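Here is a short report on a protein structure. Keep the sequence and the 3D view open as you read.

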Amino acid sequence: MNETPLIHVVDDDESMRSALLLLLGEVGFEARGYASTGDFLLQPLPDRPGCLLLDMRMPGPSGLELQAALQKQNIRLPIVFLTGHATVASSVTAMKAGAVDFLTKPVKRDVLLDAVQRALARDAAQRLAREGADRLHARFAALTPRQREVFDRIVAGKLNKQIAYELGVAERTVKREREQVMAKLEAGSAADLGRLAESLRAADR
Amino acid sequence: MAALVLSFISVPLHAAQEEARVLMLYGIDPYLPPFLAMDRAMRESLASAPDRRINFFSESLDSQRFAMEKLEPEMAALLARKYKGLTVDVVVAVSQTALDFFERHGEQLWPGARVVFVGFLGYEFKPSALPPGASAVLSTLDVAGTIEIARRLQPDPQRIVVISGMSEVDRRTEGQAREEFAKLKEQRSVEYLSGLPLAELEARVASVPPDSIIIYLAQFRDRDGRPYEPHDVLRAVVKASRSPVYGAAETFIGLGAVAGSVASYESRGRLIAEQVRHKLAGGPPDPGHTVLAAPNRCVADARALQRWALDPGRLGDDCELRFAHVPIWRQYWWQIGLTLAVVAAQATLIVALLSQRRRRRVAEQAEEAQRTELARAARRATAGELTGAIAHEVNQPLGAILTNVDTAELMLDSGRDRREELRAILGNIRRDDLRASEVIQRLRDLLGNHKFERKEFDLNGVVSELEAIMRAEARRRGVTIEIRRTPDALAIMGDRIQIQQVLINLVLNAMDAVAEEPEARRAVEVSVAKSENGALLTVRDRGHGVSPEHRNKLFESFFSTKRNGMGLGLSITRTIVEAHGGRIWVDTAPGKGAVFRAEIPLVNSNGALSPNPA
């Protein structure tokens, strides 16, 4: 997997787009340009670190609409908005939806590059968190159905005796499954299991 | 102190050695108009040739209104006290009452005073009553002269009627008249209406046939002894009469009497002055009576002459025509009024036509200027609406330029030879710079002080020029805009900027119309096409449409269905289109959007406008 960041530039203005690509290339980024939100969505998105430099207003779907669409598709690409004419309403909407920054054209190099760096940092953090969650998911996937039932009840704070009664099995069996769950999930205690469950829920959200 | 005051008081008394004192003693009200005229003439005459300074005193017995018999002792006592120690040189006794009073008290009140008697009318005069050395200024009743004047005006009267009263004076006057007629050997019978009560007199006068002569001598009393004011009787007679009425007293002329031989009060005043001066001169008292008759002369009332259609020319040169200046106006009032009205109307019409012509010329010149001005005002309003789009259009190249400059700096800092890349970047910068200035130029065109121009241009070009700004605005509003042009040029004649205004107005209008729609349905379509009658500019929206009751008002000034609309946009749009010989109309229905079409005549190949049947 290519770990060099790829910066996506979506701007319908050809001059602006090519100038941004030149600049980003000059400072050592790999950047790719798109003339519209549709263009961007149609291209396969490589699984690489990166961010999105997005013009606010474009013919067809706007930058804000692209932001909403990406969220729906669970694509967590951090977004830096660029706009020629900022309105309070649109900037508030963008920032609430998790945009890294909201820049007004003409934008200074340092301001732009700073925003891009922050976006990439956020992406890295997100990717890291996602990798952890992915590993957790993999470990969780190793549990048998019976072990998952036991796991759910342990996390709910139930005692072995209660779990045995609920599942209609011997307490001894519950005890053995519990040891298996702890081993598979690499947890040292019931408290560790609780934290794992919390992480899973967060990753699935 | 008392001596000082006394000496002040006595000043006029001592000074009286030098001045002459004349007492005007009136038997009746001295403020009656004839007396005022007489008094004024007398004083003017005396002042014009002053022998001595004259101090005038005035007393009125007012015997008409107050019973002299009862008041006389007290009045005499009062006057005695008033004039004690005051030497009066001359007493002018006006009317018989005054003369009688003087006879009884003069010696006691004003010892040594000499008398000038002014007899009101001839029949008042009783020569025996005059004190020794007195003079009398009398006016005679010239019945003969009056008759003669009447016969001059009416040589052939139907009848002759004489009106008089039953008082002693009246009887005497009538007698005088009868004598005069006898002397004239009048062929016709003369009818005398003597002492008739007023109502009967009016009826009798009314029955006198037209073209008769009526001579009014004066009536103080009727046969029943009822007293009258002679002038009132005259007024009634004149009113009732169908024939001219003549009178022998000056005051009768002016009340309706046509003419008469009368003595004027002014001439009487001058005669009095003469007598006063003579008395003051201290000449030896005339043992006999000096009796002077004020001269009688012909006086006629021009209004009355006009009323009876009598020819003033027959009166002769010696006749004084009074009230002539008034009759001219009264005689011709409607002709003069009509003439003035016609002249005024003509003048007004001429002025109105001239000013109308001038106004029209000015208006024609002003119309184009106004249209230009109005269009510019609307463009300014439009510019406000387009601020966002303009900012975007300018910021886009500026942003690219800045980024390119930043990049170029980095390239220079890299230390390598990157001339080709830098050249490319400079090329981009130049392009973007030109693009920005182009936007500003377009903005200036749109907002500037632009005079109406008449040039040939392609309608497609107008759409192209505004495409960027339309797209920018569409983008800002989240509206999809579709623009279609014709491959062939559509040449129209007129003002390019104004046609741009039409396009912008229609497009902004369409964008407003779709503003409330969900974003996916916000669509506006601009197209240019060739139509049967010219070039057709169509702007279509998928908005809320216009209700039928609003549809007809859309193009009116100050009509707007928008919350913040000024209602000028479409009105100006129509004005501009029509100024280009075109027409604009709308197809719309509620909920179905609206299609605005502006059709402008094409320029033929020879440069002339194609005929426009619309």
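B:Ile160 has B:Val190, in strand 7 of chain B, as its bridge partner. The model is predicted: local features need pLDDT of at least 70, side-chain atom pairs count only at pLDDT 80 or more, and totals for chains, interfaces and linings use all residues. Residues are numbered from 1 along each chain as its sequence is written, while chains are lettered from A and ligands numbered from 1 in the order in which they are written.

Strand 6 (residues 160–164) of chain B pairs with strand 7 of chain B in the parallel sense, over five bridges. Strands pair if DSSP finds at least two bridges between them. Helices (H or I, at least four residues) and strands (E, at least two) are DSSP runs, numbered from the N terminus. The open sheet has four strands in the order 7-6-8-9 (chain B), with parallel pairing. Strand 7 (190–194) and strand 9 (245–247) of chain B each have a single partner strand, so one side of each is left without a neighbour in the sheet. On average, neighbouring strands of this sheet are turned by 25 degrees against each other, direction ignored.

Helix 8 (residues 230–240) of chain B packs on the sheet and touches strand 6, strand 8 (213–218) and strand 9 of chain B. The direction of this helix makes about 165 degrees with that of strand 8 of chain B. Axes are lines fitted to C-alpha atoms, for helices over the stretch in contact, and angles run from 0 to 180 degrees between N-to-C directions.

## An alternating strand

Where do the side chains of strand 16 (residues 491–494) of chain B point? B:Ile492 and B:Gly494 point to one face and are buried. A residue is buried if 20 or more other C-beta atoms lie within 10 Å of its own, exposed if 12 or fewer, and partly exposed in between, with C-beta atoms placed from the backbone.

Strand 14 (residues 455–458) of chain B runs antiparallel to strand 16 of chain B, and four bridges join them. B:Asp458 stands opposite B:Ala491.

## Nonpolar cores

A nonpolar core is a set of buried Ala, Val, Leu, Ile, Met, Phe, Trp, Tyr and Cys residues joined through C-beta atoms within 7 Å. The largest has 89 residues. A:Leu53, A:Val80, A:Phe81, B:Leu503, B:Val507 and B:Val524 touch the most other members. Helix 16 (residues 496–514) of chain B gives the largest share, 11 residues. Another core, of 88 residues, lies apart from it and includes B:Ala41 and B:Phe220.

## Where the chains meet

Contact requires C-beta atoms, placed from the backbone, to lie within 7 Å. By this test, 19 residues of chain A are in contact with 24 residues of chain B. Helix 1 (residues 14–26) of chain A gives the largest share of the chain A side, seven residues.

In chain A, the axes of helix 7 (residues 160–167) and helix 8 (residues 171–184) come within 8 Å and cross at roughly 110 degrees. The two helices of chain A are therefore roughly perpendicular (65 to 115 degrees).

A:Glu3 lies in the segment before strand 1 (6–10) of chain A. Buried or exposed, what is A:Glu3? A:Glu3 is exposed, with 8 other C-beta atoms within 10 Å.

Terms used
Parallel < 35°, antiparallel > 145°, perpendicular 65-115°, else oblique. Contact = placed C-beta atoms within 7 Å.
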